[in-house]
Amino acid sequence: HSEIWLKLDRLDELIKENRAQAEERSDDVDARATARISQLRSDAEHRLDDLDLQSQKLHDAVAEVENIPTRRVDWVIRNVSKRLRPPSASRASLHCSWFSPKFDMAGAHGLQLELQLFKAADPPVEEEAAGDCAAFLWACKGMNLVYRLYIGNKSAQCEKIFNGRVPYGTKRLCFLKDQINREEDTLRVSVEVLEAVREVEHPIKPAPPPAEGVEETEEDLRNKPLEGRVVFRRHINNRLTDQVHKSVELMRSRMVRRVEWRLERASLLRRCFPPGDALCSVAFAAAGVENMQLLFYPCGYGGATDGFCSLFLYAPAGATLKYALFCGTNRRDATNFFEEAGAFGRTNFCRFEGVVEEDTDSIHIALEIDEAHQDVVARVAHPVCQPGDRRTQAQLEGSVPTAVESVVKMHRSPGNSSGSCLEEKRVLPSLWTAKSLGDRSSASDTMHSFEDLRSTRPHPPSLSRAASRGGS
C-alpha cells in the first residue's frame with residue numbers, strides 16, 4: 001500500500017508541475033495576445049485618425065470649391081418691426097448691433113455681417129440725415145476684399161484688407177423704415193463680393209532627422225530640402241465681365257456721333273413741367289466722353305421768352321465739344337470747353353409748338369458731335385529736390401506744406417466726323433428723370449416712363465440752376 005501512496009504523491013506533483021507550466025504558458029500567450037491586440041488597436045486608431053484628418057481636408061476642399069462661385073449672400077431678418085429697435089435713451093451707446101451666422105463665399109472663410117441701428121442723437125450729429133442704419137463685414141486676417149454691402153435696395157461699395165480684429169463697412173446708409181418689406185415684415189442685408197484675394201500658406205515639411213549615430217555628409221546637407229513655406233495667392237474676380245462690358249461700351253461710345261431721344265406725350269409736357277423744371281435723359285457716352293445728359297425744359301429755363309423751350313447738354317469737366325443740338329427740325333450749333341461739369345445750350349431754343357409732331361404726339365431731340373476731346377487731370381504734390389536726397393518719408397509722400405503742386409493731364413481725342421471716325425448712332429430709351437447729373441443737393445430720383453405723365457406726376461427734386469448755362 002505504501003508503494004501505491006508514493007505513486008499517488010508522484011502523480012500529484014506531476015499534475016501541479018503541469019498546471020504551473022500551463023498557467024505560465026497561458027499567461028505568456030495572454031500577454032502576447034494582449035500586446036498584439038493593443039498594437040492592432042493603436043494602428044487602427046492611428047489609421048482612423050488619419051482617415052478623419054483626410055476626410056476633414058476633403059470636406060474643407062469640397063466646401064471651398066462649393067463656395068467659390070457664390071457671389072452674393074442675403075441675410076433675411078424676420079419680424080423686423082418687433083426685433084430691431086434702436087437703443088434706449090438711457091444707454092450710453094449710440095447704436096445696437098446684430099450679427100448674422102458665419103458663412104463662406106468667393107473663397108473667403110468665416111465672413112459675418114453686422115447691422116448697426118443708431119438712435120437719434122441729442123444734439124443731432126452731422127451724418128444723421130443720411131440714415132439710421134449701417135452695414136459692416138467681418139473677415140479673417142489677410143483677406144483682401146472688394147465688396148458691396150446692401151441694406152434693402154441701398155448699397156455702398158467698400159475695399160479693405162482685413163486684420164481680423166475689426167470690421168469694415170458703410171457709414172449711415174439709409175433709414176430702416178424705408179427698407180423693410182411691409183408684406184413679410186422682413187429686412188434683407190446682403191454682401192456681394194466683387195473681388196477677393198486670399199493668401200494660403202503651406203509650410204514645407206522638414207527632412208527626417210538622421211539615424212542615431214549617423215553623421216550627415218556635405219552632400220546630404222546640400223540635398224536637404226530648404227526650410228520655409230509656400231504662399232498661394234488665390235484671386236477671384238467676379239466683376240471681370242462687368243469691367244469688360246464697361247470697357248467695350250466705352251470703346252463703342254468713341255464711335256458714336258449722333259444721339260437721339262424721343263419725348264412722348266408732348267401735349268402734357270408744358271402742363272406737367274412748369275418753367276424751370278426739366279426732363280433729363282439717361283446718362284450716356286458719345287465720342288469717348290462719358291457721363292453726358294440732355295436737359296429739356298418744356299416751359300423754358302430761367303429768363304426764357306414765353307412760349308419758348310430750352311435745351312442743354314450736360315458734360316463732365318475737361319470736355320471740349322463742338323456739337324449741334326436738334327429739337328424737331330431746329331438746329332443750334334455750339335462749341336464749349338467745360339472747365340467744370342455743367343450744362344451748355346440755348347435758353348430760347350425754339351418755340352415749343354413748332355417741335356411737336358402732332359400725329360405721334362412726340363418731340364424728337366438729337367445731339368450731333370463734330371469734334372470732341374477731354375482732358376483728364378490728376379493733381380499731385382511732390383517735394384523740392386534737395387542735395388543728397390535727405391528727404392523724410394513725409395517729404396517723399398508730398399505731405400509737407402512746402403510740397404510743389406503739379407498737374408498731370410491726359411488728352412483723349414477720338415477724332416472728328418470729317419475723318420469718318422464717328423459714325424454710329426445711339427438711340428436713348430424714352431425715359432426721363434427730374435434729376436440732372438450735376439444736381440447733388442436733392443434726393444435721388446428714378447427713371448420714369450412718359451406713361452407716368454397720364455397719372456399723377458412724381459414730384460421732382462428742385463434742379464440746381466447753377467449747373468445750367470448757355471446762350472439765348
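Strands are DSSP runs of E, at least two residues long, numbered from the N terminus. The model shown in these views is predicted.

**View 1. Ser 190 sits in strand β9.** The strand spans residues 186-203. Ser 190 counts as buried because its relative accessibility is 0%, and the cut-off for buried is under 20%. Its side chain makes a polar contact of 3.4 Å with the side chain of Arg 72. Beyond neighbours within four places in sequence, Ser 190 also touches Val 73, Asp 74 and Leu 113, among others. Arg 148, Leu 149 and Tyr 150 are in contact with Ser 190 too.

**View 2. Ala 106 has a positive phi, near 50°.** Most residues other than glycine have a negative phi. Ala 106 lies in the loop between β3 (103-105) and β4 (108-118). With 1% relative accessibility, Ala 106 counts as buried.

**View 3. Ala 287 has a positive phi, near 55°.** This alanine is placed in the loop between β13 (284-286) and β14 (289-297). Ala 287 is buried, at a relative accessible area of 0%.

**View 4. The largest nonpolar core holds 44 residues.** Leu 269, Phe 296, Leu 321, Tyr 323 and Ile 363 have the most contacts inside this core.

**View 5. The pLDDT is below 50 over residues 393-400.** The protein chain has a mean pLDDT of 82, with 83% of its residues at 70 or more. Beyond near neighbours in sequence, residues 393-400 have 13 contacts in the model. Residues 458-468 also have a pLDDT below 50. That stretch has 29 such contacts.

Note on methods:
Residues are numbered from 1 along each chain as its sequence is written. This is a predicted model: local features need pLDDT of at least 70, side-chain atom pairs count only at pLDDT 80 or more; totals for chains, interfaces and linings use all residues. Side-chain values use heavy atoms; hydrogens and water are left out. Helices (H or I, at least four residues) and strands (E, at least two) are DSSP runs, numbered from the N terminus. Buried means under 20% relative accessible area, exposed over 50%, partly exposed in between (1.4 Å probe, protein chains only). A polar contact is a pair of N or O atoms within 3.5 Å; within protein, one must be able to donate a hydrogen and the other to accept it, and residues adjacent in sequence count only if both atoms are side-chain atoms. Contact means heavy atoms within 4.5 Å. A nonpolar core is a set of buried Ala, Val, Leu, Ile, Met, Phe, Trp, Tyr and Cys residues joined through side-chain atoms within 4.5 Å. pLDDT is the predictor's confidence in each residue, from 0 to 100.
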